[in-house]
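Subject: Model handover and findings

Hello,

Here is the model we talked about. Please open it alongside these notes.

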Amino acid sequence: QVQLVESGGGLVQAGGSLRLSCTASGRTFSWYAVGWFRQVPGKEREFVGTIDRTGDSTDYSDSAKGRFTITRDDAKNTVDLQMNSLSPGDTAVYYCAASGRLPAWYKRRNSTRSYDYWGQGTQVSVSS
């Protein structure tokens with residue numbers, strides 16, 4: 001198994017930036033593709049972006065493209081989500097998740113069902 005812990009959330013003004021980190025422990029982190037999702041109360045968890053095992057391939061939701069960037073450092077067992085040009089609509093709890101089932105991940109990388117392990121989430125609040 002792999003354990004995930006998110007950090008870096010907080011309160012920021014609209015137009016500002018935050019950098020979230022997902023730190024892993026347990027099994028070799030480089031075995032896993034990693035995704036970021038977010039959720040607001042009363043709504044389903046929403047795909048933000050994902051990165052493959054090598055770090056060479058990333059994919060983003062339409063709302064994240066051009067503003068958010070995912071990178072990984074397997075030496076540090078971390079995957080970061082750099083978020084720029086934040087707006088109040090980005091307010092949510094942000095979760096990182098790891099997928100060891102790569103065929104499922106390649107087929108549906110934006111689905112929560114393709115991920116096996118989840119962190120506890122970190123709150124991001126953007127004020128107008």
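First, a rule for rings: those of Phe, Tyr and Trp (its six-membered ring) pair if their centres lie within 6.5 Å, and planes under 30 degrees apart count as stacked, over 60 as edge-to-face and the rest as tilted. This is a predicted model, so local features need pLDDT of at least 70 and side-chain atom pairs count only at pLDDT 80 or more, while totals for chains, interfaces and linings use all residues. Residues are numbered from 1 along each chain as its sequence is written, and side-chain values use heavy atoms, with hydrogens and water left out.

**Rings**

Phe37, Phe47, Tyr115 and Trp118 are linked by ring pairs into a cluster. The ring rule gives six aromatic pairs. One of them is Phe37 with Tyr115, edge-to-face, at 5.2 Å centre to centre and 80° between the planes. That pair links distant parts of the chain, 78 residues apart. Phe37 is in strand 4 (residues 33-39), and Tyr115 is in the loop between helix 1 (102-107) and strand 10 (117-118). Helices (H or I, at least four residues) and strands (E, at least two) are DSSP runs, numbered from the N terminus.

The cut-offs are under 20% relative accessible area for buried, over 50% for exposed, and partly exposed in between (1.4 Å probe, protein chains only).

Two arginines sit over rings. Arg45 lies over the face of Tyr95, 3.6 Å from the ring centre. Arg72 lies over the face of Phe29, at 5.2 Å. The test here is NZ of Lys or CZ of Arg within 6 Å of the ring centre and within 35 degrees of the ring normal.

**Cores**

A nonpolar core is a set of buried Ala, Val, Leu, Ile, Met, Phe, Trp, Tyr and Cys residues joined through side-chain atoms within 4.5 Å. The largest has 27 residues. Leu4, Trp36, Phe68, Val79, Leu81, Met83 and Tyr94 touch the most other members. At least two residues each come from strand 1 (2-7), strand 3 (18-26), strand 4, strand 5 (46-51), strand 7, strand 8, strand 9 and strand 11. A second, separate core has seven residues, including Ala33, Phe47, Ala97 and Trp105.

Phe47 has another neighbour to check. Ser61, in the loop between strand 6 (58-60) and strand 7 (68-73), is in contact with Phe47 and Val48, leaving aside neighbours within four places in sequence. Contact means heavy atoms within 4.5 Å. Ser61 is buried, at 11%.

**Strand 11**

Which strands does strand 11 pair with? Strand 2 (residues 10-13) runs parallel to strand 11, over four bridges. Strand 9 (residues 92-99) runs antiparallel to strand 11, with three bridges. Pairing needs at least two DSSP bridges between the strands. Gly10 has Val124 as its bridge partner, and Tyr94 has Thr122.

Strand 11 spans residues 122-127. Thr122, Val124 and Val126 form its covered face, and Gln123, Ser125 and Ser127 the uncovered one. In a regular strand the side chains alternate between the two faces of the sheet.

Two neighbours show both faces. Thr122 is buried, at 11%. Beyond four places in sequence, Thr122 touches Glu6, Ser7, Gly8, Gly9, Leu20, Ala92, Val93 and Tyr94. The Thr122 side chain reaches the backbone nitrogen of Gly9 at 3.2 Å. Gln123 is partly exposed, at 39%. Gln123 is in contact with Gly9, Gly10, Thr91, Ala92 and Val93, again leaving aside neighbours within four places. The Gln123 side chain reaches the backbone oxygen of Ala92 at 3.4 Å.

**Gln82**

Gln82 lies in strand 8 (residues 78-83). The Gln82 side chain makes polar contacts with the side chains of Arg19 (2.9 Å) and Asn84 (2.9 Å). A polar contact is a pair of N or O atoms within 3.5 Å; within protein, one must be able to donate a hydrogen and the other to accept it, and residues adjacent in sequence count only if both atoms are side-chain atoms. Not counting residues up to four places away, Gln82 touches Ser17, Leu18, Arg19, Arg67, Phe68 and Thr69.

Best wishes
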